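Please look through the sequence and the structure shown here before reading on.

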Amino acid sequence: MSRRTAIVTGSARGIGKAIALRLAQDGYAVCINDIPSSQDVIFATVEEIRSQVADSRVIGVGADVTSSVDVERLVKETVEQLGPLTLMVANAGIAQVKPLLSVTEQDIDQVMSVNFKGLFNCYTHAARQMIAQGDPTEAAGVNVYKILGAASIVAHKPFPKLGIYSASKWAVRGLTQAMSMEMAPHKITVNAYAPGIVGTAMWEHIDGGLGELEGREKGESLRLYSDRFISLGRTSTPEDVAGLVGGFLADRDSDYVTGQTMVVDGGIIFT
Ligand SMILES: NC(=O)c1ccc[n+]([C@@H]2O[C@H](COP(=O)([O-])OP(=O)(O)OC[C@H]3O[C@@H](n4cnc5c(N)ncnc54)[C@H](O)[C@@H]3O)[C@@H](O)[C@H]2O)c1
């Protein structure tokens, strides 16, 4: 019997929340994490998942992923309450819409500290915990431990006016490959998922920024980008991403997959 336990960062809402729900439905014990100031939303999400999935084991822990100390505590509290950690989903991220010639040093620090350093903190603290637990089969009845991170389609092809965000996601792709090589001897796989245009608060922010820069009303940029670029003809839902992450990357069917950044974007074509 496997005893699978996951942490999903930035999961009080959006893609992370959909992933956490999917993992709970698939029998994972799950820790919902978000920034400490979102404690109310974290607990609302915990309650929502508990009410939707009978017998689920779900906890909430506030922690800022940009802080190594916070992430260490997040891992420790999860293991104390739920048991050996078998999956880390480093999902938390922020977007920034700015032409490159307007970007300040502070802008770079802000984006890289969450999207890159935050993900690094999650990857490394999870890996230390997994290595300390020993063989995954003996510790939790699984063949391999898994670490996953949020990249983006812009990790393969940047969006203009999202240059620093795009660069941060290229960094995620690189770190994921490097980490997968160093972790393989410890029976830990490391992969990333790359969503396209997902209808969440993040895209509301991007839509607002692009609208301001390019002279469009609220909601128009999301519609325009979805219509023009997505082959399947609709904006992605968080559940589309949760299908790849929960249904495949977190499942035993992906035990032989490592070092990959898998795209789930409805077939985005840049014209
Ligand atoms: N929405 C999209 O179209 C899209 C596309 C590609 C990739 N992604 C990536 O998917 C991930 C989730 O995106 P989303 O659309 O759900 O965004 P979102 O803004 O709806 O949710 C992100 C969550 O992360 C949390 N967060 C931010 N900084 C944090 C920190 N320092 N510590 C802990 N939590 C923090 C936020 O509070 C928020 O709840 C992000 O990494 C994003 O870059 C999103």
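## Surroundings of the ligand

In this predicted model, the ligand is surrounded by 28 residues, and the closest of them are Gly10, Gly14, Gly93, Ala150 and Thr200; a residue is taken as near a molecule or strand if its C-beta atom, placed from the backbone, lies within 6 Å of it. The elements that contribute two or more residues to this shell are α1 (14–25), α4 (105–133) and α7 (201–214), where helices (H or I, at least four residues) and strands (E, at least two) are DSSP runs numbered from the N terminus. By type, the shell residues divide into 14 nonpolar, 11 polar and 3 charged, with Ala, Val, Leu, Ile, Met, Phe, Trp, Tyr, Cys and Pro counted as nonpolar, Asp, Glu, Lys and Arg as charged, and the others, Gly among them, as polar.

Residues are numbered from 1 along each chain as its sequence is written. As the model is predicted, local features need pLDDT of at least 70 and side-chain atom pairs count only at pLDDT 80 or more, while totals for chains, interfaces and linings use all residues.

## The sheet

An open sheet is formed by 7 strands in the order β3-β2-β1-β4-β5-β6-β7, with parallel pairing; two strands pair if DSSP finds at least two bridges between them. Because β3 (58–62) and β7 (261–264) stand at the edges with a single partner strand each, one side of each is left without a neighbour in the sheet. From one strand to the next the twist averages 20°, with axes being lines fitted to C-alpha atoms, for helices over the stretch in contact, and angles running from 0 to 180 degrees between N-to-C directions.

Strand β4 pairs in the parallel sense with β1 (residues 5–8) over 3 bridges, and Val8 stands opposite Val89 in β4. On pairing with β5, strand β4 again runs in the parallel sense, over 4 bridges, and here Leu87 stands opposite Lys146 in β5. Further along, β6 (residues 188–195) and β7 are a parallel pair joined over 4 bridges, in which Pro195 has Val264 of β7 as its bridge partner.

## Helices on the sheet

Helix α4 packs on the sheet and touches β4 (87–90), β5 (145–150) and β6, its direction making about 175° with that of β5; contact between two residues means that their C-beta atoms, placed from the backbone, lie within 7 Å. Helix α6 (residues 163–183) lies across β5, β6 and β7 and runs at about 165° to β6.

Apart from neighbours within four places in sequence, Val89 is in contact with Ala6, Ile7, Val8, Thr9, Ile19, Leu148 and Val245.

## Two loop residues with positive phi

Most residues other than glycine have a negative phi. Asp55, in the loop between α2 (39–52) and β3, has a positive phi near 65°, and Asp55 counts as exposed because it has 7 C-beta neighbours inside 10 Å. Lys161, in the loop between β5 and α6, has a positive phi near 75°, and with 18 C-beta neighbours inside 10 Å Lys161 counts as partly exposed.

Methods. Buried ≥ 20, exposed ≤ 12 C-beta atoms within 10 Å, placed from the backbone.
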